[in-house]
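Open the model in your viewer and keep the selection panel at hand.

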Amino acid sequence: MGAAAETREARDERAEAWPADPAAMEAGRALLRANTRGRFVLVPDGDVDGLSAGAIALRALERLGAEVVAVLPGKGEHVHTDALRARIVAARPDVLVVLDMGSRGEPIVAGLPTLLVDHHAPLRGFPPGATVVSAFGHPPVAATSLLAWHLFREVAALQDCAWLGLLGAVADLGAEPMPDVVKRMMGGVSRTSLREAIVLLNAPRRSAAHDITSAWEVLLRARDPADVAKGRVPGVEKLREARAEVAAEVLRCARARPYFGGNVVVLPFRSGARVHPLVAQRAAARFADRIVIAANYDYLPGRVNFAMRSRAERDLLRYLHGVGAPLTGDSGHGHPGATGGSMPFEDFERLLVAMGFEAPPPRP
């Protein structure tokens, strides 16, 4: 083999290894291999990245001969909420695998071997005793599904699952600019099918019913993005119905009256659907020089669920944590370009005052 070929291969190997610390990846694989006779409980986030990572993990563990059960989060839940944690315990896990749910420096289930696969900024660290495979701090930060693909393909034959890593990566990071490692995974996959599958699979978690089971079941039946995009597997019609509901809610809520304070604009509205991230993204184009906050007063009882976006080059996560108001409830996670949270009405209004509003806008 010539020197040029060796250099090319070495370059490819480095590109394939970029998503996380290699020692953490090996620790995660060791935990998986050591427990193939046990019962794994998977808890993926309900977006396309989380569900794709969960599908990769499910197929890998089943092919290893392990018993696998998926526990999906309900509306407003994550692994540190009591209701979801109770369902995890009821599923009788020997090992817990949490994918794309964020990281907190608190135990999930004390004493339970836990593998956490994620790419978000950790909040006060990681769960004590957990084996953590995180892409955070390893730029360019990989989506969790891409990270899971790299992690699990070394413990089970997953040649037919590369599209799941690609699907979640494009869903979370966008199609452009696309890292070289993602480009190599395209392999003739239609970008049109990718985009359509992503919109359809994300729709149920955004609907008022938060029926992510329907998206999970479609994803497990599919063999490629086109199966979803073209409705070639059962269940896609439910995703299309959810998509239509969400689109109508985005149009309605995007008409909310804007209120201005400092360099921030807030759009308050009420919706049972999780449309605040989409409204914020849409409004960021309209108010390109400001930080946009879409504030949903009806997604969860007694709380404001809000999403922050900006077209300006700024770290929204750092900004939110530096405002000076307490980030109560479940707030301040995400990425530098996309953050938000969920907090009681009064706490959210105090946050707006700290951001430069003379008085909080009236509640819708």
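Select strand S4, residues 114-118. Of its 5 residues, 5 are buried, where buried means under 20% relative accessible area, exposed over 50% and partly exposed in between (1.4 Å probe, protein chains only). Strands (E, at least two residues) and helices (H or I, at least four) are DSSP runs, numbered from the N terminus. This is a predicted model: local features need pLDDT of at least 70, side-chain atom pairs count only at pLDDT 80 or more, and totals for chains, interfaces and linings use all residues. Residues are numbered from 1 along each chain as its sequence is written, and side-chain values use heavy atoms, with hydrogens and water left out.

Colour the two faces of S4 separately. Thr114, Leu116 and Asp118 are buried on one side. Leu115 and Val117 are buried on the other.

Strand S3 (residues 95-99) pairs with S4 in the parallel sense over 4 bridges; two strands pair if DSSP finds at least two bridges between them. Val98 stands opposite Leu116 of S4. Strand S5 (residues 131-134) also pairs with S4, in the parallel sense over 4 bridges. There, Leu116 stands opposite Val132.

Stay on Leu115. What does Leu115 touch, not counting residues up to four places away in sequence? The list is Gly28, Leu31, Leu32, Leu96, Val97, Val98, Thr131, Val133, Leu151 and Phe152. Contact here means heavy atoms within 4.5 Å.

Next, show the largest nonpolar core, which has 60 residues. A nonpolar core is a set of buried Ala, Val, Leu, Ile, Met, Phe, Trp, Tyr and Cys residues joined through side-chain atoms within 4.5 Å. Leu115, Phe152, Leu167 and Leu201 touch the most other members. Helix H3 (residues 48-63) gives the most to this core, with 9 residues. Apart from it lies another core, of 22 residues, including Val304, Leu316, Met343 and Phe348. In soluble globular proteins, nonpolar side chains tend to be buried together.

Select helix H6 (residues 162-173) and helix H8 (residues 191-206). Their axes are 10 Å apart and the packing angle is about 75°. Axes are lines fitted to C-alpha atoms, for helices over the stretch in contact, and angles run from 0 to 180 degrees between N-to-C directions. H6 and H8 are therefore roughly perpendicular to each other, the class for 65 to 115 degrees. H6 brings Leu166, Leu167, Val170 and Ala171 to the contact. H8 brings Leu194, Ala197, Ile198 and Leu201.

Return to the loop between S3 and S4 and pick Asp100. Asp100 has a positive phi of about 65° although it is not a glycine. Most residues other than glycine have a negative phi. Asp100 is buried, with a relative accessible area of 2%.

Met101 is in the loop between S3 and S4 as well. Its relative accessible area is 8%, so Met101 is buried. Leaving out residues up to four places away in sequence, Met101 touches Val43, Pro44, Asp45, Pro73, Glu77, His78, Val79, Leu84 and Asp118.

Move to His120, in the loop between S4 and S5. Is His120 buried or exposed? At 13% relative accessibility, His120 counts as buried. Its contacts, not counting residues up to four places away in sequence, are Asp100, Gly102, Phe136, Gly334 and His335.

Follow His335 to the next stop. The bridge partner of His335 is Ala338 in S11. Strand S11 (residues 338-344) runs antiparallel to S10, and 5 bridges join them. Both belong to an open sheet of 6 strands, in the order S6-S7-S8-S9-S11-S10, with mixed pairing. Its edge strands are S6 (259-261) and S10 (330-335), each pairing on one side only. The twist averages 20° from one strand to the next.

Key. Parallel < 35°, antiparallel > 145°, perpendicular 65-115°, else oblique.
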